[in-house]
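This report walks through a few features of one protein model, taking them one at a time. Please keep the sequence and the structure in view while reading.

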Amino acid sequence: MKKLFLLLLVLPIAGNAQLKGLVKKASEKVNAVTKNNGTVDIAAGLKEALNKGVSEQVSKLTAVDGFYKNEAVKILMPEELQKVDKALRKMGMGKLADDGIKALNRAAEDAVKEATPIFVDAIKNMTVKDAKNILMGSDNAATVYLQGQTTTPLYAKFNPIVKQSIGKVGADVIWESIIKKYNAIPLVTKVNPDINDYVTNKALDGVFTMITVEEKNIRNNLESRTSDLLRKVFAMQDQN
């Protein structure tokens with residue numbers, strides 16, 4: 001019994017020591033990279049990578065069908081409206097359902113076109129300390145950092161742009177017709193979704209998805225490192 005008690009006492013101590021050891025090892029790795037490459041501006045390199053993601057990948061979303069024909073980011077019916085989609089198709093109104101989906105994607109494509117500078121400005125806030133940890137992080141560490149730092153303020157700025165775009169491309173009229181027709185069906189539970197909120201969140205998801213694509217390219221594909229700074233900074237990652 002005494003041996004069992006001692007074993008139970010030692011195990012959490014060992015686990016805690018192991019965790020501290022891993023944290024220390026990771027910290028030493030970052031410090032070693034920084035020390036050996038002190039003349040290279042890691043933060044500037046990561047900012048360039050994120051800006052490259054915006055300019056080369058997010059810009060694709062602003063074209064016609066940038067969302068609609070990109071399966072990675074295409075906006076579909078909200079989950080709570082799947083029943084609306086099925087009901088419309090059963091009643092022979094499949095075209096109206098398809099037009100509704102296309103209209104949501106058109107609104108996102110139009111909105112992202114206007115909001116891209118917001119993402120570029122947000123990238124400037126990355127600190128040197130943040131950059132050191134991000135460089136040694138996962139394939140999408142820089143994107144995750146940017147998403148965590150900017151989602152709330154970006155939503156506040158992006159939502160009115162989405163609302164304006166929904167009106168500009170006629171998505172509001174189409175969706176008003178869809179909801180009106182569905183709510184007129186006998187015995188169904190009436191719906192009144194916030195399409196502005198839905199499209200805003202989906203558009204933001206699409207932007208970060210495409211930035212991730214470019215970050216992974218730069219981290220894993222030497223040909224994607226198109227400047228001396230990118231090559232120097234991400235060479236540090238390759239060595240570890």
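## A helix with a bend

In this predicted model, helix α4 covers residues 94-123, and its 30 residues reach 42 Å from the first C-alpha to the last, which is close to the 44 Å expected at 1.5 Å a residue. Along its course α4 bends by about 50 degrees at E114, and a proline, P117, follows within four residues.

## Two helices that cross

Two packed helices are described by the angle between their axes and the distance between the axes. For helix α6, residues 141-168, and helix α8, residues 195-220, the axes come within 8 Å and cross at roughly 140 degrees. The crossing of α6 and α8 is right-handed, and the residues of this contact divide into 14 nonpolar, 9 polar and 4 charged.

## The largest pocket

Rolling a probe the size of a water molecule over the atoms shows where empty space is left. The largest pocket in this model has a volume of about 170 Å³, and its lining includes K163, D172, W175, E176, P193 and N196.

Which helices each supply at least two residues of this lining? They are α6, α7 (171-183) and α8, and the largest share, 4 residues, comes from α7.

Definitions and conventions: Residues numbered from 1 in each chain as written. Predicted model: local features only at pLDDT ≥ 70, side-chain atom pairs only at ≥ 80, totals over all residues. Heavy atoms only, no water. Axes fitted to C-alpha atoms, helices over the stretch in contact; angles between N-to-C directions. Left-handed = near helix turned anticlockwise from the far one by under 90°. Nonpolar A, V, L, I, M, F, W, Y, C, P; charged D, E, K, R; others polar. 1 Å grid on protein atoms, 1.4 Å probe; cavity = no way out; pocket = protein on both sides within 12 Å on 5 of 7 lines; lining within 4 Å. Points joined across faces, edges and corners; volume = space filled by probe spheres on them. Expected span 1.5 Å × (residues − 1). Bend = angle between axes of the 7 residues up to and from the residue.
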